[in-house]
Amino acid sequence: PGRTVAPLGVVGQVIPWNFPLLMLAWKIAPALAAGNCVVLKPASNTPLTAVKLAELLKEAELPPGVVNIVTGPGATGAHLLAHPLVRKVAFTGSTEVGKVILRSVAGAGKRLTMELGGKAANIVFADAPLDQAVEEAFRAFVVCLAPGADDQGVERGGIDLRKESVEQVALAFLGIVVLRQPVGGGAHRGRVGDGVAHAEFD
């Protein structure tokens, strides 16, 4: 009550590799709904989804300049977010890059939304349903939503989730999930959608 709401103008957005289409929707839709224009840089190893979305938006006759896709390496995103016409920054990615962005926009008067990290520990309370907690922890690990493999070690009642429970759920889950199906056939080890994370898989 009593607050005046107005569009900020240009929103600069940088998204990571996982869930490229979902990340685009999460970033672009709220910005447009608030009356802003968007310049978005997708991850350098998953740019095609964003490029295709731009083509579809053009087909849908979205006015030119409302949604803009810029591809390139990490430096491209840094230039985008530091641009003086960008009034709002939205970034999803690593904590290290987030710190760099914070320093680069400090004092510039930009609004800022950041989702950093992705390696948070799972905390399982004593009254939690253990099977469900382990299944959700493993599901998050497989799709890189939240925790990493080394962050599943929350103990409850003397049960180490890294050993018995996660192994059981992993075996059941991997029976229905194809980790990565490259062009030409043949399953390879790696995260869903990411062909470079072999060390994390191991």
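A contact, as I use the word today, means heavy atoms within 4.5 Å. Among contacts in this protein between residues at least 6 apart in sequence, 63% join residues at least 24 apart.

Before going on, the ground rules. This is a predicted model, where local features need pLDDT of at least 70 and side-chain atom pairs count only at pLDDT 80 or more, while totals for chains, interfaces and linings use all residues. Residues are numbered from 1 along each chain as its sequence is written, and side-chain values use heavy atoms, with hydrogens and water left out.

First, the overall layout. The protein has 7 helices and 7 strands; these are DSSP runs numbered from the N terminus, helices being H or I with at least four residues and strands E with at least two. Along the sequence the pattern reads β-α-β-α-β-α-β-α-β-α-β-β-α-α.

Next, surface and burial. Of the 202 residues, 33% are buried. Buried means under 20% relative accessible area, exposed means over 50%, and partly exposed is in between, with a 1.4 Å probe and protein chains only.

Now the interior. A nonpolar core is a set of buried Ala, Val, Leu, Ile, Met, Phe, Trp, Tyr and Cys residues joined through side-chain atoms within 4.5 Å. The largest one here has 12 residues, including Val11, Ile15, Leu24, Ile28, Leu40 and Leu53. Helix H1, strand E2 (37–41) and helix H2 each give two or more residues to this core, and H1 gives the most, with 4. Leu40 touches, among others, Ile15, Leu24 and Ile28, leaving aside residues up to four places away in sequence. A second, separate core of 9 residues includes Val39, Leu81, Phe91 and Ile101. As background, nonpolar side chains in soluble globular proteins tend to be buried together.

What do Phe19, Leu22 and Trp26 form on the surface? They form a nonpolar patch, with about 280 Å² of accessible area together. Patches are made of residues with over 30% relative accessible area and no salt bridge, with like charges joined within 9 Å and nonpolar side chains (Val, Leu, Ile, Met, Phe, Trp, Tyr) within 5 Å. Leu22 lies in helix H1, residues 20–33, and is partly exposed at 37% relative accessible area.

On to helix H2, residues 48–59. Its 12 residues reach 17 Å from first C-alpha to last, close to the 16 Å expected at 1.5 Å a residue; the expected span is 1.5 Å times one less than the number of residues. Just after H2, Glu61 takes a positive phi of about 65°.

How many salt bridges does a search of the whole structure find? It finds 1, a salt bridge being a side-chain nitrogen of Lys or Arg within 4 Å of a carboxyl oxygen of Asp or Glu. The side chains of Glu55 and Lys52 meet in a salt bridge at 3.6 Å, N to O. Both residues lie in H2, 3 residues apart, about one turn of the helix. Glu55 is partly exposed at 43%, and Lys52 is partly exposed at 43%.

Last, the loop between E2 and H2, where Thr46 is found. Thr46 counts as buried, at 15% relative accessibility. Thr46 and Trp17 are 29 residues apart in sequence and 5.6 Å apart in space, C-alpha to C-alpha. Beyond residues up to four places away in sequence, Thr46 touches Pro16, Trp17 and Pro20.

How values were computed: Accessible areas come from the Shrake-Rupley method with a 1.4 Å probe; for residues, only the protein chains shown count as cover.
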